[in-house]
Amino acid sequence: MNYVETVIAQKYASAFVTVFSDSLSLPVAQRCFQLATYMRTHGDILFFLQMSAIDDDQKKTGLLSLTKQYELPDCMTSLVELLIAHKRSFLCPVVLQALYELYIERQHIMAFTITSSHPLPESEVHSIQKFLARSTSNSIIYTCIVDPALIAGIRLSNSTLFWEQSAAKQLRDAHNMLVE
């Protein structure tokens, strides 16, 4: 995907959010993200969408089937039809990703990955969520991951922020000081 196509996809997403904002919610936005990920990981879908030999009705049927499978609202039909009419159906995963990002930005939501060396009790996860909400002035959604390589401690990250306090980090820092 090049820069121009990304900008075009963002414009489609922005127009869609403006017109159909009442049909969007966090679960819908998350399912858009999941569908975008699915489409990217299954390259045959993008190949299918880029083939001019496959007629628009077949592309529409395939895309609408995916939107139904991911339980996306009926207003997605308008987006699919518009992308197909403009010969840009191959942008569908990028538009869906942009939809998700635009929705969480407008709703002041940040998605974080909480990585810990061991499974965290729900009370600790809730404390971390509150810490992140206070620090960022946003609502926080999160995914928890266990990574024994941290040895002990946690790592909080998203696309723009990173914070780590772990034994593995302390060992890396000590190693780097010795190497210098």
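# Close-up views of a predicted model

View 1. Ser157 is buried, at a relative accessible area of 17%. Here, buried stands for under 20% relative accessible area, exposed for over 50%, and partly exposed for anything in between, using a 1.4 Å probe and protein chains only. You are looking at a predicted model, in which local features need pLDDT of at least 70 and side-chain atom pairs count only at pLDDT 80 or more, while totals for chains, interfaces and linings use all residues. Residues are numbered from 1 along each chain as its sequence is written, and side-chain values use heavy atoms, with hydrogens and water left out. Ser157 belongs to strand E3. Strands (E, at least two residues) and helices (H or I, at least four) are DSSP runs, numbered from the N terminus. Leaving aside residues up to four places away in sequence, Ser157 touches Ala111, Phe112, Thr113 and Phe162. Contact is counted when heavy atoms lie within 4.5 Å.

**View 2. Strand E1 and its two partners.** Pairing of two strands requires at least two bridges found between them by DSSP. Strands of a sheet pair through backbone hydrogen bonds, either parallel or antiparallel. E1 and strand E2 (residues 139–146) run parallel and are joined by 8 bridges. Look for Ala111, which stands opposite Ile141 in E2. Thr113 has Ser157 as its bridge partner in E3, and Ile114 stands opposite Leu156 in E3.

**View 3. The whole sheet.** Now follow the strands across the open sheet of 4 strands, whose order is E2-E1-E3-E4 and whose pairing is mixed. Its edge strands, E2 and strand E4 (162–166), each pair on one side only. On average, neighbouring strands of this sheet are turned by 20° against each other, direction ignored. Axes are lines fitted to C-alpha atoms (for helices, over the stretch in contact), and angles run from 0 to 180 degrees between N-to-C directions.

**View 4. The nonpolar cores.** A nonpolar core is a set of buried Ala, Val, Leu, Ile, Met, Phe, Trp, Tyr and Cys residues joined through side-chain atoms within 4.5 Å. The largest one has 39 residues, and those with the most contacts inside it are Met39, Met76, Val95, Leu96 and Leu99. Among the elements giving two or more residues to this core are helix H1 (3–20), helix H2 (26–41) and helix H6 (92–106). H6 supplies the largest share, 10 residues. Zoom in on Met39: not counting residues up to four places away in sequence, Met39 touches Ile45, Leu46, Leu49, Leu63, Leu66, Cys92, Pro93 and Leu96. A second, separate core has 10 residues, including Ile114, Leu120, Ile128 and Leu132.

**View 5. Cysteines and disulfides.** A disulfide is a covalent bond between the sulfur atoms of two cysteines. For counting, a disulfide is a pair of cysteine sulfur atoms within 2.5 Å. How many disulfides does the structure hold? The structure holds 0 disulfides. Cys75 takes part in no disulfide, and its nearest cysteine sulfur, that of Cys32, is 8.5 Å away. Cys92 is in no disulfide either, with the sulfur of Cys32 as its nearest at 8.9 Å. Cys75 counts as buried because its relative accessibility is 10%, and Cys92 is buried too, at 5%.

**View 6. Thr77 in helix H5.** Find Thr77 in helix H5. Is Thr77 buried or partly exposed? Thr77 counts as partly exposed because its relative accessibility is 23%. Thr77 and Leu64 are 13 residues apart along the chain, and their C-alpha atoms are separated by 6.7 Å.

**View 7. Positive phi in two loops.** Most residues other than glycine have a negative phi, and most peptide bonds are trans. His108 is not a glycine, although its phi is positive, about 55°. His108 lies in the loop between H6 and E1 and is exposed, with a relative accessible area of 51%. Ile151, also a residue other than glycine, has a positive phi near 70°. Ile151 sits in the loop between E2 and E3.
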